[in-house]
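Hi,

Here is the structure I promised to pass on to you. Have a look at it first, and then read my notes below.

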Amino acid sequence: MLSTRSSLAQSGQENGAQNRRAASSFPNDFLWGTATSAYQIEGAVNEDNRGPSIWDRFAQTPGTISDRSNGDTAANHFHLYKEDIRLMKALGAKAYRFSIAWPRVFPEGTGSPNPKGLDFYNRLLDELSANGIEPFATLYHWDLPQALQDRHAGWTSRETSKAFADYAAHVAGRLGDRVKHFFTINECSRLVHLGHGLGADAPGLKLSPSELKQVRHNVALGHGLAVQAVRANGRTGTRVGPAENAVSCIPAVETPANIRAAEMATRELNAGYLTVMLEGKYTDAYLAQTGKEGPKYTAEDLRIISSPIDFIGLNVYMPDHYVVAADNERGFTLAPFPKSFPHMKATWLRPGPETMYWVPRHVAKLWNVKSIYITENGTSASDQPAADGTIYDVDRIMYLRNYLTQLQRATSEGVPVHGYFLWSLMDNFEWSDGYAERFGLYHVDFETQRRTPKLSAAFYRETIARNAVA
Ligand code: GBH
């Protein structure tokens, strides 16, 4: 009797565990990967006739980078790419998001392509393919050729949007046999705001709100022109979309009214980016913001900006706003962040795991988007080796576990997220924070270029192997 009961109970328990496992899985064909960008990892800034980029120039300007460093050597990935692909393989990752350096391909921004410009990416793609890793290429991760800044004042002119399209066409034509997924521009919002508003990123400009609006329009136009260029020059079946760091709006309390308010806030607060790309017009509230001043554009521009895309890439780091429904003109209130709200090592990075659920859900619902990739998610951490030499980065694991749990909530409810790229494969040049903020699963010793897995690499490997949060 007793033994029967206990064995029943036991098998019941096992079933329960199995059901829980099934219930916590990601979809079968879910794509796990890691992400990087060219200037942050490649180094070799003077090799194979690469031209200077605005980040080379910016990093040479005193007072811009907190530790006075630059990307001259970075993680020396240009030379160590084979080893780095082995690191991806060791994680069991099936996809890799990297960016192509425009100034390698067109050292002067436009004109005739550098014959050696794509050699490195050809080697990289062949090695990825030999290792069964699917490439996802970003065309622009902020390293504008300096020549375009000098000649046209960069993104303040639509000449740069057009030059971007020519570059995109060239790359899609040459790499389109192996690259099936292209991202146009990484985080339009950050390159506009930090690069041209606050001056904290290259090219370090501090423009007025209306000038900034024109830059935002030119960047969106560049995205649209690049979408068309990839379509016209890639192989049939090539897919293209943006990789945007959408302003994230979280219902503070999950009531239908707050959820609706958070959706409206998402649409309004992304008006110059995802909203115009997907709706083909600026919202009235957005246009009213700077009165009659700018941006200057034509109806044709709006058609180009809203060229059909195949997926949306979303970089998801943190909640930008907790939203409460309100009886005011906009229909919502953005809750101020209390001083006590926690942050990760970087003071800007407020952990809010539910962001990973709401951003893709809002995007899918608002614009009926059928395919989403999480193009970045991760955190920096202090990453000190313990006495036994291991980096026990349990804060990063805590962060990732919570965000991935929310991502699983999204996929289990049918939000069409098809893949996830963890930022980042390895420590790298973190823009104006230099080498002081480490986002990698692999620690990089920038003196010796030695790569060492952190404990989070084991967490991610286990998650990929189970196709469920470890
Ligand atoms: C991404 O941006 C980038 O795509 C990637 O290159 C980068 O390495 C990674 O994140 C980690 O930062 O002005 O001090 O308030 C992330 C989104 C939004 C992060 C703006 C920095 C402002 C910092 N970014 N945020 S601050």
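S424 sits in the loop between β11 and β12; helices (H or I, at least four residues) and strands (E, at least two) are DSSP runs, numbered from the N terminus. The peptide bond that joins W423 and S424 is cis, with omega about 10 degrees. Before you go further, note that this is a predicted model, where local features need pLDDT of at least 70 and side-chain atom pairs count only at pLDDT 80 or more, while totals for chains, interfaces and linings use all residues. Residues are numbered from 1 along each chain as its sequence is written, and side-chain values use heavy atoms, with hydrogens and water left out.

Another cis peptide bond runs from G294 to P295, with omega near -5 degrees. P295 is in the loop between α13 (284-288) and α14 (299-305). Why point these out? Most peptide bonds are trans, and most residues other than glycine have a negative phi.

N76 is not a glycine, yet its phi is positive, about 50 degrees. You'll find N76 in the loop between α3 (54-60) and α4 (77-91). N76 counts as buried because its relative accessibility is 19%; buried means under 20% relative accessible area, exposed over 50%, and partly exposed in between (1.4 Å probe, protein chains only). N368 also has a positive phi, near 55 degrees, and its place is the loop between α15 and β10 (372-376). With a relative accessible area of 52%, N368 is exposed.

Back in the loop between β11 (417-423) and β12 (442-445), look for R438. Is R438 buried or exposed? It is buried, because its relative accessible area is 18%. The side chains of R438 and D427 are joined by a polar contact of 2.6 Å. A polar contact is a pair of N or O atoms within 3.5 Å; within protein, one must be able to donate a hydrogen and the other to accept it, and residues adjacent in sequence count only if both atoms are side-chain atoms. Leaving aside neighbours within four places in sequence, R438 is in contact (heavy atoms within 4.5 Å) with several residues, including T379, D383, R396, D427 and H443.

H362 counts as buried because its relative accessibility is 1%. Its side chain reaches the backbone oxygen of C249 at 2.9 Å. Not counting residues up to four places away in sequence, H362 touches C249, P251, I259, A262, E263 and T266.

Now for the ligand. Which residues come nearest to the ligand? Of the 16 residues around it, they are Q40, H141, N186, E430 and W431; a residue is near a molecule or strand if one of its heavy atoms lies within 4 Å of it. N186 has a polar side-chain atom 2.9 Å from an oxygen atom of the ligand. W431 likewise places a polar side-chain atom 2.9 Å from a ligand oxygen atom. For R190, an N or O atom in the side chain is 3.2 Å from a nitrogen atom of the ligand. On its own, the ligand has 570 Å² of accessible area, and the protein covers 78% of that. Accessible areas come from the Shrake-Rupley method with a 1.4 Å probe; for residues, only the protein chains shown count as cover.

L455 is in helix α17 (residues 455-466) and is partly exposed, because its relative accessibility is 31%. Leaving aside neighbours within four places in sequence, L455 is in contact with I391, Y392, D393, V394 and I397. The C-alpha atoms of L455 and L148 are separated by 42 Å, and the two residues are 307 residues apart along the chain.

D48 is in the loop between α2 (38-41) and α3, and is partly exposed, with a relative accessible area of 24%. D48 and T255 are 57 Å apart in space, C-alpha to C-alpha, and 207 residues apart in sequence. T236, in the loop between α10 (209-233) and β5 (239-244), is exposed, with a relative accessible area of 82%.

Happy exploring!
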